[in-house]
Amino acid sequence: MIRDTRIGKYAKVPKNSKIREIFNVENPESNFYTKCLTVVSGSDFVNLTFDNFVAFKENVVKGWADEILKIATHTLCHNPPRSVSISKMFTKIKLFVNEERRIPVKNIYQMFPADRKRVEAALVASHLPSLKTDLINPEDFTELIFRQFLTHLCSRPEVNEIFDLLDVLLKPYLTRQQMSTFINKIQRDARLSEFLFKPVQPEQIQNLIEEYEPAKINSHKGHISPEGLIWYLSGPENNLIFPDRLTVHQDMTQPLSHYFINSSHNTYLTAGQFSGISSPEMYRQVLLAGCRCLELDCWKGRPPDEEPIITHGFTMTTEILFKDVIEAIAESAFKTSQYPVILSFENHVDSPKQQAKMADYCRTIFGDMLLTETMDKYPLKPGTPIPSPQELMGKILIKNKKNRMTNPNSQMGQRRKSLEPVLDQTAQTESIQTGENVDEQCEVDEEPENIEQEEEEEQELKKNESDEGTAGQEVRAYEEMSSLVNYIQPVKFESFEVAKKINKSYIISSFTETKALDLLIKFPIDFVEYNKRQMSRIYPKGTRVDSSNYMPHVFWNAGCQMVALNFQTADLPMQLNSSFFEINGRSGYILKHELLRRLEKTFDPFTADRIDVVVSNTVSILIISGQFLSDRNSKFYVEVELFGLHHDPKRKYRTKLNTEQNSINPQWKDEETFVFEKILVPELASIRISTFDDSGKFIGHRILPVTALQTGYRHIGLRSETNQQLTMPSLFVHIEVKDYVPDTWAGMVEHQTSNSILLLSFSLQLQHLQAPISFLTCSAPARDC
C-alpha cells in the first residue's frame with residue numbers, strides 16, 4: 001500500500017558512496033534534490049519501505065508525486081467495488097511475465113494455491129494451458145478470458161437463490177422487468193424517499209444489462225444470465241457503502257467542539273510505552289492517515305546543544321529532536337486533509353531558553369500555517385464559540401499551558417485537598433476552570449474524618465498517578481510558548497458545575513480513560529452537556545505499557561471530541577477508530593449527532609428508551625458465501641458484532657462452520673439472519689463482520705458505520721488487522737437496514753403496507769389498460785414523505 005510521496009529535501013538521499021558519486025550529490029550545481037522522488041509504502045505505520053527515483057530533468061518529480069499520492073489516498077481506492085479487486089488480480093497475472101514476455105501458468109497456480117485441482121479444471125474449461133510448465137501468450141489472456149476462468153473456478157451457486165427469489169424457474173436468465181424488480185425492490189434502501197431518489201428507469205436497466213451480460217445475444221433481448229448478475233453485483237452500482245459518505249459531505253462550518261476529531265496518543269512511539277523506539281516518521285504516517293490531533297511529549301535537551309527532545313519520560317524509549325518532529329509535521333500536515341491540525345504539547349521543558357527555542361521552531365518552520373492570533377469574529381470570551389474546521393483550514397493550533405499568575409485565595413484553591421497529586425513542579429501553576437488564577441499547593445482546611453478515609457484517598461492518589469503517567473507533571477509555560485496558545489487552552493478539570501458557570505469554549509481538559517469512565521458513569525448527562533460547550537481529550541491510562549487501547553466509542557457516545565489512541569497498535573479499538581474516521585472524506589473530523597450538539601436537547605448515553613428527533617434502525621445481515629478466503633483449504637466461520645450505545649443490542653452472532661473444506665467459495669447454507677433489532681442512534685453505531693478459519697486464525701474483517709451501509713446483496717471486501725484492503729478475500733451477504741418499528745406499531749404498519757401494495761397493484765393494472773388514472777405511493781420512511 002502506497003502511503004506517501006516525498007520530493008526535494010524530504011526525499012530519501014542515497015547513502016551508498018558510489019551512487020552519490022554517480023549522481024554528483026555533493027555538487028550544489030547538480031540540483032540533485034530537485035530531481036528526487038521517494039515513494040513510501042508499507043503494511044502499517046511502522047514497517048515501511050522507501051523506493052527512490054531520480055528524474056532526468058528538474059521539477060518533473062512534483063507532478064508524479066502529486067498524482068501518485070492523489071490516487072493512493074483517494075477514498076474510492078480504499079473502498080473499491082469487487083470488480084476492482086478482480087481487475088487487480090488480472091493485472092498482477094498479466095504483468096508478471098518471463099524473459100520471453102509470456103505468462104507462466106505456475107503464476108496462476110501460485111495466486112490460487114488452496115485447491116490445485118479446481119484451478120486445473122478451470123484452466124481446461126477456459127481453454128487455457130493447464131500444466132505448470134506451460135506458458136500463455138499475453139494477447140490470448142484477455143480480461144474476458146480471465147473472467148471466464150474465475151467463473152469456472154468460483155462458480156457462485158448462491159446466485160441461483162436470487163433467481164429462485166424472483167420466481168425464475170424455467171429460464172436461466174432475468175428479463176428486463178425482473179431485473180428492474182431486483183434493483184428497485186431488493187437492492188433499494190427502504191430509507192430512501194422515492195421523491196428524492198428516483199427508481200432506476202427501463203432504459204437504465206437495459207444499459208446495465210448491456211454492460212454486464214457477457215453473452216450479447218442475451219443482452220440484445222434484455223436478458224441477463226447468472227454470470228452477468230454476478231458481474232453486476234461486483235460493479236460500482238453495488239458498493240457496500242454509500243459513495244457520498246466517502247467524500248466530505250457534512251457541514252464543516254460549526255464550532256470545532258461540535259466534531260469528533262481523529263486523535264493520537266504518544267504519537268512518536270513505534271512500539272510500547274516503556275522501551276519503544278521513537279520516530280518523527282510516526283507523525284507523518286498518522287497525519288497521512290487522517291489524524292488531526294498529535295501529541296508531543298517535550299523534554300529538556302542536554303548540553304552542549306540544548307536541543308529540546310521528544311520522548312516518553314522516565315522510560316527507556318529513545319529520544320528524537322523536537323525540531324525534526326516539527327519539520328515532519330510541517331511537510332505532512334495537509335497532504336491528505338486540509339482541515340486543522342492540533343498539536344497537544346505535554347511540556348516538561350523547564351528551561352525558558354529551550355522553550356523559546358521550541359516556540360521559534362514552531363513559528364519559523366510552520367510559518368503561515370501556525371495560528372498565532374485569534375480571529376476578530378471569535379474573541380476569547382465566555383459564551384463565544386470557537387471557529388469551525390472550515391474557517392481553520394490549513395492551520396495548525398497549539399495546545400499548551402498558558403502562563404498565568406497565581407492567586408491562593410481562589411475558590412478552587414480553597415477546595416483542593418492536600419492529598420491530591422501535585423501536578424506542577426514549579427511555584428506558579430495554571431488557572432483552573434474557575435477562570436481565576438489559583439495556587440494548586442494551598443493547604444487543606446479540614447482533616448480527614450477518619451483513618452479509613454485517609455487510606456482510601458491515598459489509594460486513589462496512587463491510582464491517579466499511575467494512570468496519568470507523566471501527564472500530571474507538566475511545567476510552567478513561559479511567555480514564548482504561551483503566546484502560541486489561543487483556541488485550545490488546557491486547564492485542570494474541577495467539576496461540570498464550574499465548567500458550566502465559566503462557559504469558555506476555548507478551554508479543554510484532558511482525562512485518563514479511567515477518570516473519564518468514572519465521570520461518565522456518575523454524571524452521563526453532565527458529561528454530554530460539558531462536551532457541547534467545550535472540548536475534552538481522553539487518553540490511555542499510564543499502565544498500558546504495551547500500547548494497547550481502550551474502546552473509543554464509549555467516549556464518542558458522550559460527545560468527547562479527542563479520543564486519543566496509540567496508532568502503532570492495530571488492535572480492535574484502533575480498527576474501530578480507523579473505520580469511524582474513514583467517512584467524510586477521511587478529513588479527520590466527523591460532525592457529532594445533534595443530540596450531542598444542541599443545548600436544548602438532553603441526552604443520556606445510557607438510555608434504553610426511544611429518543612426524540614432520532615429514528616432508530618433495525619439491521620439484518622445474512623452471511624451467504626465467501627470468495628478466496630485463504631491460501632489453504634479450510635472451513636470458516638463469520639462473527640457479526642455491533643458497537644454502539646450501552647443499551648443497543650449487544651449480542652455477538654456467529655455462523656456455524658461451513659460444511660466442507662473450501663477456501664475458494666465456501667457456502668453457509670441454512671444460516672439464520674442476524675438481526676440487531678433496535679439501534680437507538682444509528683449515527684453512533686458500527687457493525688464489525690470478521691472471518692476466521694476453523695483453527696480460530698483471523699482471516700479478515702470489515703467495520704461499517706450503520707448510516708453508511710447500503711442494503712441488498714453486497715460483496716464485503718475484507719481488510720487486514722491494520723485496516724488495509726485485502727485484494728482477494730471477500731464475503732457475499734444480504735443486508736437490510738430499515739427504520740425500527742416497535743411491536744405495538746407493527747400491526748398498523750403491516751395494514752398500511754398491505755394497502756400500499758393493493759394500490760400499487762391496482763395502479764399497475766390501470767396502466768396496463770392505458771387508463772388515464774395514476775396513483776402516487778410513497779415507500780419512504782414517514783419523515784421523508
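## Loops, rings and buried helices in a predicted chain

Asp167 sits in the loop between helix H8 (160-165) and helix H9 (176-186). Helices (H or I, at least four residues) and strands (E, at least two) are DSSP runs, numbered from the N terminus. The model is predicted: local features need pLDDT of at least 70, side-chain atom pairs count only at pLDDT 80 or more, and totals for chains, interfaces and linings use all residues. Residues are numbered from 1 along each chain as its sequence is written, and side-chain values use heavy atoms, with hydrogens and water left out.

Asp167 counts as exposed because its relative accessibility is 60%. Exposed means over 50% relative accessible area, buried under 20%, and partly exposed in between (1.4 Å probe, protein chains only).

Helix H9 has a buried side: Met179, Ser180, Phe182, Ile183, Asn184 and Ile186 are buried. These buried residues pack against H8, helix H10 (202-212), helix H12 (226-233), strand E23 (712-719) and strand E24 (725-739). Contact here means heavy atoms within 4.5 Å.

### The whole chain

The protein chain has 24 helices and 24 strands. Of its 785 residues, 53% are buried. Among contacts with a separation of 6 or more, 73% come from residues 24 or more positions apart. The accessible surface comes to about 36300 Å², and 52% of it belongs to carbon and sulfur atoms. Accessible areas come from the Shrake-Rupley method with a 1.4 Å probe; for residues, only the protein chains shown count as cover.

Leu240 lies in the loop between H12 and E6. Leu240 is buried because its relative accessibility is 7%. The C-alpha atoms of Leu240 and Ala708 are separated by 8.4 Å, yet the two residues are 468 residues apart along the chain. Leaving aside neighbours within four places in sequence, Leu240 is in contact with residues including Arg702, Leu704, Ala708, Ile716 and Ile735.

His265 lies in the loop between strand E6 (259-261) and helix H13 (281-288). At 8% relative accessibility, His265 is buried.

Asn266 is in the loop between E6 and H13. Asn266 is buried, at 2% relative accessibility. Its phi is positive, about 45°, although Asn266 is not a glycine.

### Other backbone features

Arg156 also has a positive phi, near 55°, in a residue other than glycine. Arg156 lies in the loop between helix H7 (143-153) and H8, and is buried with a relative accessible area of 8%. A cis peptide bond joins Pro303 and Pro304, with omega about 5°. Pro304 is in the loop between strand E7 (293-299) and strand E8 (309-310). Most residues other than glycine have a negative phi, and most peptide bonds are trans.

### Aromatic pairs

A search of the whole structure finds 36 aromatic pairs. Rings of Phe, Tyr and Trp (its six-membered ring) pair if their centres lie within 6.5 Å; planes under 30 degrees apart count as stacked, over 60 as edge-to-face and the rest as tilted. Two examples follow.

| Pair | Centre to centre | Angle between planes | Type |
|---|---|---|---|
| Phe260 and Phe580 | 5.6 Å | 70° | edge-to-face |
| Phe496 and Phe523 | 6.1 Å | 75° | edge-to-face |

Phe260 in strand E6 and Phe580 in helix H23 (residues 572-580) are 320 residues apart, so the pair links distant parts of the chain. Phe260 is buried at 2% relative accessibility, and Phe580 is buried at 8%. Phe496 is in helix H19 (residues 496-502), while Phe523 is in the loop between helix H20 (513-522) and helix H21 (524-533). Phe496 is buried, with a relative accessible area of 11%; Phe523 is partly exposed, at 36%. One aromatic cluster is formed by Phe90, Phe112, Phe141, Phe146, Phe149 and Phe628.
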